[in-house]
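Student: Could you walk me through this structure, one feature at a time? I would like the general idea and then the case at hand.

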Amino acid sequence: MRLLDGRSMAAEIGRYVIDEAERLMLAGKTPTLAVVLPNEDPAARSYTHIIERTAGKVGVRCEPHEATAGPSALLDTVDALAADPLVDGIIVQTPLPAGVSSREVGEHIPVAKDVDGMNPESLGRLALGLPGFAPATAAAVVEILTRARIPMAGARVCVIGRGPVVGKPVSLLLLAENATVTVCHSHTKDLVTIAHEADIIVAATGVARLIGAGFVRPGATVIDVGTAVTDAGQVGDVDAAAIAPVAGALTPVPGGVGPVTTMLLLRNTIRAARAD
């Protein structure tokens, strides 16, 4: 089984980001990503540190902004960043505080700065094939398949999960690549049978090790988007050991989709800065 190394792919993207950041800085522009922290969630703060560290390596300024005093403070912070001409990209970490929805927060992020595709308009633009930013995790799936030279045109793809951050947008991105996409979810009947027919499986359920050997036809590519912390450490939606004898390729957890997602956020920030 071939492991699709997200860290090496992220490094390749990073070289492009470095070059583009240098061009922008020579023109007097420092690409800047604002990360809004709406609570004290340890996972969100850990990921923010990862973004900061990665951004520092590729020439993008990353600015964390605390907005932990409730929904009004959160929206006020986003509005201030939206109006700041020095900020090119905005992302808001989750989970959000009670009393505010991701849709409401997303509507306060201008589409031009919406580098993680949180604004509902961004998803609408994606559906219509118009310019805009897709959620970075969904975009990372297609980026990995492209860089691994795994054909998408004409391929049968099973997306397991229909959430607005991965399942729905990745389905639209794969359709744009001329794949034949089936979206499955908790109400899908005969899920194992449907998944077993696919050339590519994208697992985005958030259920640790849900996807076992019976889901995977021989030689299929499996993209594991999920992450969960267990007694055995960090695992994904896929039981990697179980599918190893049958799958053709798999993204590991950790080290697969995650590093590419982070670097795409920074690449999107570069693209937003160039559009100013």
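Tutor: Happy to. Please keep in mind that this is a predicted model.

Student: Let's begin with the whole chain. How many helices and strands does the secondary structure of the chain come to?

Tutor: There are ten helices and eleven strands. The radius of gyration is 19 Å, close to the 19 Å that the globule rule gives for 276 residues, so the chain is as compact as a globular protein of that length. Along the principal axes, the C-alpha atoms fill a box of roughly 50 × 40 × 40 Å.

Student: What percentage of the 276 residues count as buried?

Tutor: The figure is 47%. For contacts, take residues at least 6 apart in sequence: 70% of the contacts among these join residues at least 24 apart.

Student: Next, the sheet. What is the strand order in the open sheet of six strands?

Tutor: First the general idea: strands of a sheet pair through backbone hydrogen bonds, either parallel or antiparallel. Here the order is β1-β11-β8-β7-β5-β6, and the pairing is parallel. The edges are held by β1 (2-3) and β6 (180-184); each has a single partner strand, so one side of each is left without a neighbour in the sheet.

Student: Which strands pair with β7?

Tutor: On one hand, β5 (residues 156-160) runs parallel to β7 and is joined to it by four bridges. Val159 has Val202 as its bridge partner in β7. On the other hand, β8 (residues 221-224) also pairs with β7 in the parallel sense over four bridges. In that pairing, Ile201 is opposite Val222, and Ala203 is opposite Asp224.

Student: Are the side chains on the faces of β7 buried or exposed?

Tutor: The idea to hold on to is that in a regular strand the side chains alternate between the two faces of the sheet. For β7 (residues 200-203), Ile200 and Val202 lie on one side, with Ile201 and Ala203 on the other, and all of them are buried. Both faces of this strand are therefore covered.

Student: What does Ile223 touch, not counting residues up to four places away in sequence?

Tutor: Its contacts are Leu4, Val141, Ile144, Leu145, Ile201, Val202, Ala203, Thr251 and Val257.

Student: Now the helices. How does the reach of α2 compare with what is expected at 1.5 Å a residue?

Tutor: Helix α2 (residues 42-58) has 17 residues and reaches 25 Å from its first C-alpha to its last, close to the expected 24 Å. At its start, a side-chain oxygen of Asp41 comes to within 3.3 Å of the backbone nitrogen of Ala43. Just after the helix, Gly59 takes a positive phi of about 90 degrees.

Student: Which residues of α2 are buried?

Tutor: They are Ala44, Arg45, Thr48, Ile51, Thr54, Ala55 and Val58. These buried residues pack against α1 (6-26), β2 (32-37), β3 (61-66), β4 (89-92) and α10 (257-275).

Student: Why is α10 described as largely enclosed by the rest of the structure?

Tutor: Because 14 of its 19 residues are buried. Its end C-alpha atoms are 27 Å apart, which agrees with the 27 Å its length should span.

How values were computed:
Residues numbered from 1 in each chain as written. Predicted model: local features only at pLDDT ≥ 70, side-chain atom pairs only at ≥ 80, totals over all residues. Heavy atoms only, no water. Buried < 20%, exposed > 50% of the residue type's maximum accessible area, 1.4 Å probe, protein only. Helix = DSSP H or I, 4+ residues; strand = E, 2+ residues; numbered from the N terminus. Pairing = 2+ DSSP bridges. Expected span 1.5 Å × (residues − 1). Contact = heavy atoms within 4.5 Å. Polar contact = N/O pair within 3.5 Å; in protein donor to acceptor, adjacent residues only side chain to side chain. Rg over C-alpha atoms; globule rule 2.2 N^0.38 Å.
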